[in-house]
Amino acid sequence: MFLMRKTVTAALAALTLAACGGKPQAPDEGAPAVEPAAAEKPAAATPEPAPEPLPPPPTRADEFDWPQPTDAVRIATSKGEMIVELYGSKAPKSVANFLQYAADGHYDRTIFHRVVDGFVIQGGGYGVAFNERPTRPPVAYEGDNGLPNYRTTLAMARMRDPNSAAAQWYVNLRDNDESLDHYENDLGPRYGYTVFGRVIGGMEVADAIGALPTGPGGPFEEEVPQETVVVTSVVRVEAGAR
């Protein structure tokens, strides 16, 4: 009896070992092995769409009766090109002065050293290392010629003296006639800034430069674009070219 129980017990033990898989069994051929569950990765965030560019500010330049251009130039920059028509009949000294600087290569490799978003971009006076370019004697004031400092216009920068404009120029990014135009009243003249041309192609380049972040740079504590924008050349083109 004891021997039989012992035999039965041994047989049950053998069955138990086989059922428990005392020796691991390989999966049947062709049966997929069960891989450990992979940790779920968070879904990739959908990138935010780029903001729509702001529309250009309103301007009265489109309704103004501009004079017939006498000359035109292409201002090539590291951000693109602008075509500018010049009004020698209204600002003969300023136009001749600007064209002479362009012909001399004065503007090549200069930078836009002053940028005020929604106001102006200014250049023509400094090289890429903020070395100030030498200039000829200044030109006489022509700011009372009736051309307004509307958006798109090109005008001469100057010091406090109205007859101090030399080589630097700026592009108006908005209608700045109220603050920059010449006018007279009972107290006498308020000297403005001489407009001598207008951007007729590539104004989006001026707007892009105007939107750049600014800070200190060279000898200036502020209003210097933190991305250097270079004027690579200023060359004459046929008046009316686009």
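**Salt bridges in a predicted model**

Glu 227 has a relative accessible area of 38% and is therefore partly exposed. The structure is a predicted model, and the count of salt bridges in it comes to nine. Three of these pairings are described below, together with the placement and accessibility of residues that take part in them.

**Lys 79 and Glu 227**
- Glu 227 pairs with Lys 79 in a salt bridge whose closest N and O atoms are 3.4 Å apart.
- Because Lys 79 lies in the loop between strand 1 and strand 2 (80-86), and Glu 227 in the loop between strand 11 (220-225) and strand 12 (230-237), the pair ties together parts that are 148 residues apart in sequence.
- Lys 79, at 32% relative accessibility, counts as partly exposed.

**Asp 207 and Arg 151**
- A salt bridge with an N to O distance of 2.8 Å joins the side chains of Asp 207 and Arg 151.
- Asp 207 belongs to helix 4 (residues 203-210) and Arg 151 to the loop between strand 4 (120-127) and strand 5 (153-156), so this pair ties together parts that are 56 residues apart in sequence.
- Arg 151 is buried, with a relative accessible area of 6%, whereas Asp 207 counts as partly exposed at 26%.
- Elsewhere, salt bridges that share partners join Arg 60, Asp 175 and Asp 177 into one network.

**Arg 60 and Asp 175**
- Arg 60 lies in the loop between helix 1 (2-20) and strand 1 (71-77), and Asp 175 in the loop between strand 6 (169-172) and helix 3 (177-180), so the pair ties together parts that are 115 residues apart in sequence.
- Arg 60 is partly exposed, its relative accessible area being 40%.

Technical notes. Residues are numbered from 1 along each chain as its sequence is written. This is a predicted model: local features need pLDDT of at least 70, side-chain atom pairs count only at pLDDT 80 or more; totals for chains, interfaces and linings use all residues. Side-chain values use heavy atoms; hydrogens and water are left out. A salt bridge is a side-chain nitrogen of Lys or Arg within 4 Å of a carboxyl oxygen of Asp or Glu. Helices (H or I, at least four residues) and strands (E, at least two) are DSSP runs, numbered from the N terminus. Buried means under 20% relative accessible area, exposed over 50%, partly exposed in between (1.4 Å probe, protein chains only).
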